[in-house]
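Student: Could you show me how to read a fold and its ring contacts? I would like the general idea, then the case at hand.

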Amino acid sequence: MKVVTPSEMSEMDRQTIAHGIADYELMERAGACCFEVISQEIPEHSKVLVLCGSGNNGGDGQVIARLCRHHGHQTEVLFTGNPDHFTPNSRQNFKRLQEIGLPYTFYSEMNEEVQNQIQKADVIVDAVFGNGLKNRPLYPKITALFEAVNQSKAVVYAIDIPSGLRGSNGLTVGAAVRADRTLVIQNPKVGQLLENGPDFLGRATVLDVGISEAYTDSQKMLLEASTLPKCMKRKKNSHKYDYGALSIIAGSQGMIGAGLMCSSACLKAGAGMVTTWVPENIYDIVAAQMPWEIMVKPYRSGELVPQLGDTRASAYVFGPGVGRKRNAAPLLHGLVQSGKPVVIDADGLYHLAQNKSILKGHLGDMILTPHAGEFCRLCGIDKDDYRENSMEAAASFAAAYQVILVLKGYHTRIFIPHGSDPSQCEIWFNTTGNPGMATAGSGDVLTGVIAGLLAQTQNAGDAAKLGVYLHGLAGDLAAEKYGMCALNATDLIRMLPQALQRSVHE
């Protein structure tokens, strides 16, 4: 399923209308689809309060209100906008509300009467603002209304997107409705998946109202079971090198765990041979703790590049726990010039930020796995700029350096460039994972999973997508077993075999 921006959704609406579905009919469909879900989930004769703005989102809300009234619910509408500013379709629906005598009021300030309306409601339907909300402060009275809704005991349904949340990037405009359920019209919006979006969305359901994805050229998609690359099938007559040999450069004094987790995850992801290179001063302790199947080799600073060249490695990993003290430029240069795939994570990204020009000359596939802070350092942008324009910044970086970017977060995004045009960058939003995975070592495990899959395939994009999805699925399985608070990164490794089995069967 495609993910769209507000402008892309607007174009989809326009094209649908141009191809024969009247805009008023589209509003009726949207409202009816939303009502169908709501009616199945709320008790009979519920007290329903519908909050309607003056735009088309408010028009959808009026359709819902009319249907709620028709099916026996005690329904009221509270308009937040001036009727002089109603869109034509909202104005037409307003006339229909008046014809059937449905109670409505116009909101001017937060007072005792409005407080009573909100407190007495069993269900509140939020249809104030749509997904195209601009970045400007709310009127204080609207902020007060949203705060009252959020403090109420009613079940809150947001239509398409919680009001106050920006569909372009998931930031709020100072206040927003915190929904229990969001009924998404046709396609997920970027802002529902980023920043504040997931915490305000509640449980989301996407409703098909008859708008075709053919009407958008969006390259943004949900990474889910139906779009997942297939795991590599093993031949009966094969040996370990058929499934790749990984060389992992990881660990330093005081940070041996990162390399241990990355290496173990890589092995569990199916790599045929894993060799972990560590500094001489930690060799003994790492070798004593590493799984028996993994080869551990010591190296001295400045001697690693020629040693790596003498191996049968099919791909490299650099970064987990390597520290920031030494000069890593020669090693980075050797890796990117090897012509083999390379995954760079954690401290490796810190060193890369100091030597970013090295990326311009890479000969093999490159996968970078930063979280938001690491990406800001790579790009030289501050966090506020990142939050405002993370999609554009990440696509531009991936296209400029021709790297696959795995931007970690609640909905981890994979950016796969196709040429130098950022608009042609393929972007995948992951649908697995949970907040329990926000724990030390989780990123090291992800790096290992991606690298283990990369060693087995010639398609780095598929390795990144499959690795991110499986990592999140392992986290979901671990959360089911241990709970999110007790979830540790090593639990992800334990659950990885189940995640792999499930993905194969799906």
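Student: Which strands does helix 3 lie across?

Tutor: In this predicted model, helix 3 (residues 56–70) lies across strand 1 (47–52), strand 2 (74–79), strand 4 and strand 5. Its direction runs at about 160° to strand 1.

Student: And what is the strand order in the open sheet?

Tutor: Strands of a sheet pair through backbone hydrogen bonds, either parallel or antiparallel. Here seven strands form an open sheet in the order 3-2-1-4-5-6-7, and the pairing is parallel. Strand 3 (104–106) and strand 7 (203–207) are at the edges; each has a single partner strand, so one side of each lacks a neighbour in the sheet. From one strand to the next, the twist averages 20°.

Student: How many bridges join strand 6 and strand 7?

Tutor: Five bridges, in the parallel sense, pair strand 6 (residues 181–185) with strand 7. Ile185 stands opposite Leu207 in strand 7. Helix 2 (residues 23–41) also packs on the sheet, touching strand 4 (123–127), strand 5 (155–159), strand 6 and strand 7; the helix direction makes about 155° with that of strand 6.

Student: Now the rings: how many aromatic pairs does a search of the whole structure find?

Tutor: A pair of aromatic rings is described by the distance of the centres and the angle of the planes. The search finds 12 pairs. For Tyr104 and Phe106, the ring centres are 5.8 Å apart and the planes stand at 80°, so this pair is edge-to-face. Ring pairs link Phe79, Phe86, Phe94, Tyr104 and Phe106 into a cluster.

Student: Where does the charged end of Arg312 sit?

Tutor: Over the ring of Tyr241, 3.6 Å from its centre.

Conventions: Residues numbered from 1 in each chain as written. Predicted model: local features only at pLDDT ≥ 70, side-chain atom pairs only at ≥ 80, totals over all residues. Heavy atoms only, no water. Pairing = 2+ DSSP bridges. Helix = DSSP H or I, 4+ residues; strand = E, 2+ residues; numbered from the N terminus. Axes fitted to C-alpha atoms, helices over the stretch in contact; angles between N-to-C directions. Contact = heavy atoms within 4.5 Å. Phe/Tyr/Trp six-rings, centres within 6.5 Å; stacked < 30°, edge-to-face > 60°. Lys NZ or Arg CZ within 6 Å of the ring centre and 35° of its normal.
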